[in-house]
Amino acid sequence: MPIPPPALSALTEIFGDRLSLRAADRDHHAGSETFHHAPPPDAVAWPLTTEEVSRALSVCNEHRVPVIGWGTGTSLEGHALATHGGLVIDLSRMDRVIEVRPGDMQVTVQPGVTREALNTELRATGLFFPVDPGANASLGGMAATRASGTTAVRYGTMRDNVLALEVVLADGRVIRTGTRAAKSSAGYDLTALMVGSEGTLGIITELTLRLHGQPEQVAAAVCAFPTLESAVECVTATIQSGIPMARIEFVDALSIRAVNAYAHRSYPETPHLFVEFNGSAESVRADAEAFGDLARECGGTGFDWADTPEERAALWRMRHQAYPACLALRAGAKGVVTDVCVPMSHLAGAVAAASADIAAEGMTGPILGHVGDGNFHSLLLVDPGDADQLARAKGIARRMAERALAVRGTISGEHGIGIGKRPLMAAEHGDGWAVMGTIKAALDPNNILNPGKLVPDRN
């Protein structure tokens, strides 16, 4: 149902012309990077302060208006779609770096700051924020989905790098979670509860993040392998050998074909690994040599080293372009994106089984991922409106998830749940999923925060 007039009047008083009912603004906030879709929200607001968010949530809670947080809209599982209508709170204008504390290796930011903007701000400090999901996502959105990315194998995920939060609860209360201290044993870890809650428990309005020192030396390379199995074998051997990789990324032959066409490259159309080493000049040299020996034992050839910052940036830009490059394999296609994560000892089998399943279904589905921590993806390309293709792609995705769960892996390594993976939550968590619903009901009794996502429907 539309936003009631009394609520709309109160929201207009809060936001003025930063509240929009225009079709163009609403439609922009109904889009998705993948096949997920929903009707547009009833209204969009752009807050500038925590106080405005607090007042808006108080109004919406009183009038039972759904509220959906929005960062940059780059999530892949329909997290920010207004499946129940209501108000989208777009946090992109809350984009201030509040305080950098080099001595503590910490920074406090508003949620609309993007990871690229933060690292630009940090250049002169000798520090950087390492979590890199590929897209230039907002830090609030990255925390809400517990994002990770290419550097997680060394620096961890958002779970490891968020120290404290300011969060507005459903009734408008503002709480602070966590501290600036290196550790704490004072009560429930509310920061960890909010990180990954996908906007169902509160709206994040401030983050304190852990920073890391910029390494003295960085080296990156790409190398080819004759088969999918040999490339994944190399990843497993590298991790088990203890070589401290900063990044180790897998792309299959079809992904390389897509990248060649999209980025005008000429790599052999075989599986490849993209790797990076950080540290002192001596340690980077030793780590690179040790990896090179392992890669050659696994059949790796054609090492292409990127030694300058510009060459490294180009190399990783090419890896990050794999998503649009793979979409371009079929003009007009939409993607069904998978995101399983398995224990390293099961990685080779999981990747091989996924590849065989995709081939058996006759689907186009490049495989790539942050395999250094057992996380890999397939982008299954479907024609919009083709129900049979979509059903077969969803079947492949479901079986990938089921195989991951069978070895005590997870249905989502980094993309989160949204609406896409919600039907699989019971299989992973059992009665724990109902416990999540109990927590949600306690903090949001009127179910206004991103309803229809993450937790079970209420009876």
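Reader: What is the bridge partner of Ala43 in β4?
Author: Leu87 is the bridge partner of Ala43 there. This is a predicted model, where local features need pLDDT of at least 70, side-chain atom pairs count only at pLDDT 80 or more, and totals for chains, interfaces and linings use all residues. Residues are numbered from 1 along each chain as its sequence is written, and side-chain values use heavy atoms, with hydrogens and water left out.

Reader: What makes β2 and β4 a pair of strands?
Author: Strands pair if DSSP finds at least two bridges between them. β2 (residues 43-45) and β4 (residues 87-90) have 3 bridges and run parallel, so they pair. Both names come from DSSP runs numbered from the N terminus (strands: E, at least two residues; helices: H or I, at least four).

Reader: And why do β1 and β3 count as edges?
Author: The open sheet runs β1-β2-β4-β3, with mixed pairing. β1 (19-20) and β3 (67-70) each have a single partner strand, so one side of each has no neighbour in the sheet.

Reader: What is the order of the open sheet with 5 strands?
Author: That one goes β5-β6-β10-β8-β9, and its pairing is antiparallel. From one strand to the next, the twist averages 10°. Inside the sheet, β6 (residues 106-109) is joined to β10 (residues 203-210) by 4 bridges, and Gln106 stands opposite Arg210 in β10.

Reader: Which helix packs on the sheet?
Author: Helix α3 (residues 50-63) does, touching β8 (162-168), β9 and β10; contact means heavy atoms within 4.5 Å. The direction of α3 makes about 50° with that of β8.

Reader: How do you know at what angle α9 and α11 cross?
Author: From their axes, which are lines fitted to C-alpha atoms over the stretch in contact, with angles running from 0 to 180 degrees between N-to-C directions. For α9 (residues 228-241) and α11 (residues 281-297), the axes come within 9 Å and cross at roughly 145°. Cys234, Ala237, Thr238 and Ser241 of α9 meet Phe291, Leu294 and Ala295 of α11. By class, that contact has 5 nonpolar, 2 polar and no charged residues (Ala, Val, Leu, Ile, Met, Phe, Trp, Tyr, Cys and Pro are nonpolar, Asp, Glu, Lys and Arg charged, the others, Gly among them, polar).

Reader: What makes a space a cavity or a pocket?
Author: On a 1 Å grid over the protein atoms alone, a 1.4 Å probe fits into a cavity but cannot get out, while a pocket is an open set with protein on both sides within 12 Å along at least five of seven lines; lining residues have an atom within 4 Å of a point. There are 3 cavities of 30 Å³ or more.

Reader: How many residues line the second largest pocket?
Author: The second largest pocket has about 800 Å³ of space. It is lined by 36 residues, with Arg146, Val195, Gly196, Ser412 and His429 closest to its centre. α17 gives the largest share of that lining, 5 residues.

Definitions and conventions:
Points joined across faces, edges and corners; volume = space filled by probe spheres on them.
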